[in-house]
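Q: I would like to learn how to read a structural model one feature after another. Could we start with the surface and work inwards?

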Amino acid sequence: MEWMDLLKALILGFVEGMTEFAPVSSTGHLIIVDDMWLKSQEFLGKYPANTFKIVIQLGSILAVVVVFWKRLFSLVGLYKIEGQETNKNFNLLHVIVGMLPAVVLGFAFKDLIDDHLFGVETVIYALVAGAILMIAADKFGPQHPKVNSLDEITYVQAFKVGLVQCLSLWPGFSRSGATISGGVLFGMSHRTAADFTFIMAVPIMIGASLVSVLKNLDTLSMDYLSFYAVGFISAFIFALISIRFFLKLIAKVKLTPFAIYRIILAAILAAIVYL
């Protein structure tokens, strides 16, 4: 691989890492940066390029594991959080209940989504629709949330957030945008909704990535190893920075500034496509 190709891998890892967990849609950004500018498919080929996007997503997932390792390990009994009573705190069942709706619908409609919703036009609509939901969450969510930590989330709230998460099956809607908005509308603070979103993303993204890797296994090649490695490391480092920054920011600015950014991004995409 030439250094220019590795620079492209670095840039794409940066885009993935910085946008995967912010409520701005990593899909929309990758379409602008890769499909419209860097065009990785032209020098990698369609299927290796798709595999690369799975690899950098795994880099982002690893960053979540690093940030939330205590909570994640406690869910599977590998770590004991001091002062917690197991039967009264956030546990693995909350995550399963929250994941279930999107997992079921994702498997049921995967082919339909792949065939009809992965396009620039549909992403533009999803960016705007997600922005409207985020603004609504800020406007209609409780002024004084009753749920201010993960340990206060009920199973019913987790399931309701999971239902809203189904909207993120629409590429461009944003998983974090949907789930944080849902959490806020159902009584969580913005920070608590974000924490729940990130923890719930780990098994969902790992599962989706493994399915995609198995599907594209025959496209893996040692020829692209350095490209994949640079993208993975880049996504991990920038996701680590992004998550820590976002968790501090969301409690202060809430969702509306991100919603406005999404609308601007949709307008840019629409101008590129239609003008």
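A: We can start with the surface, bearing in mind that this is a predicted model. The accessible surface of the protein amounts to about 13,500 Å², and 69% of that area belongs to carbon and sulfur atoms.

Q: How many side chains are positive and how many negative, and how far apart do the centres of the two sets lie?

A: There are 20 positive and 19 negative side chains in the protein, and the centres of these two sets are 11 Å apart.

Q: Which secondary structure does the protein have, and what pattern does it follow along the sequence?

A: The protein has 13 helices and zero strands, so that reading along the sequence gives α-α-α-α-α-α-α-α-α-α-α-α-α.

Q: What share of the residues is buried, and what share of the contacts joins residues at least 24 apart?

A: Buried residues, meaning those under 20% relative accessible area, account for 49% of the 275 residues. When contacts between residues at least 6 apart in sequence are considered, 83% of them join residues at least 24 apart.

Q: Which residues touch the most other members of the largest nonpolar core?

A: In soluble globular proteins, nonpolar side chains tend to be buried together. Here the largest nonpolar core has 43 residues, and those that touch the most other members are Phe-68, Phe-196, Phe-198, Ile-199 and Ile-243. Helix α11, which spans residues 190-215, gives the most to this core, with 10 residues. Apart from this core lies another, of 15 residues, with Leu-38, Val-55, Tyr-228 and Ala-235 among them.

Q: What does Phe-196 touch, once residues up to four places away in sequence are not counted?

A: With those residues set aside, Phe-196 touches Phe-90, His-94, Gly-98, Leu-150, Ile-153, Ala-158, Val-161 and Met-188.

Q: Is Thr-179 buried or exposed, and what is Thr-179 in contact with?

A: Thr-179 has a relative accessible area of 1% and is therefore buried. Its place is in helix α10, residues 175-185, and, leaving aside neighbours within four places in sequence, Thr-179 is in contact with Val-161, Gln-165, Thr-197 and Met-200. Val-161 is also one of the residues that Phe-196 touches.

Q: Is Phe-107 buried or exposed?

A: Residues over 50% relative accessible area are taken as exposed, and Phe-107, at 62% relative accessibility, therefore counts as exposed. Phe-107 is placed in helix α6, residues 92-108; from C-alpha to C-alpha, Phe-107 and Ala-9 are 30 Å apart in space, while they are 98 residues apart in sequence.

Q: Where in the chain are Ser-25 and Ser-174, and what is the phi of each?

A: Ser-25 lies in the loop between α1 (3-19) and α2 (26-38), and its phi is positive, about 80°, although Ser-25 is not a glycine. Ser-174, in the loop between α9 (155-165) and α10, likewise has a positive phi, near 90°, in a residue other than glycine. Ser-25 counts as buried because its relative accessibility is 3%, and Ser-174 counts as buried at 8%.

Key: Residues are numbered from 1 along each chain as its sequence is written. This is a predicted model: local features need pLDDT of at least 70, side-chain atom pairs count only at pLDDT 80 or more; totals for chains, interfaces and linings use all residues. Side-chain values use heavy atoms; hydrogens and water are left out. Helices (H or I, at least four residues) and strands (E, at least two) are DSSP runs, numbered from the N terminus. Buried means under 20% relative accessible area, exposed over 50%, partly exposed in between (1.4 Å probe, protein chains only). Contact means heavy atoms within 4.5 Å. Accessible areas come from the Shrake-Rupley method with a 1.4 Å probe; for residues, only the protein chains shown count as cover. Lys and Arg count as positive and Asp and Glu as negative; His and the chain ends are not counted. The place of a charge is taken as NZ of Lys, CZ of Arg, CG of Asp or CD of Glu. A nonpolar core is a set of buried Ala, Val, Leu, Ile, Met, Phe, Trp, Tyr and Cys residues joined through side-chain atoms within 4.5 Å.
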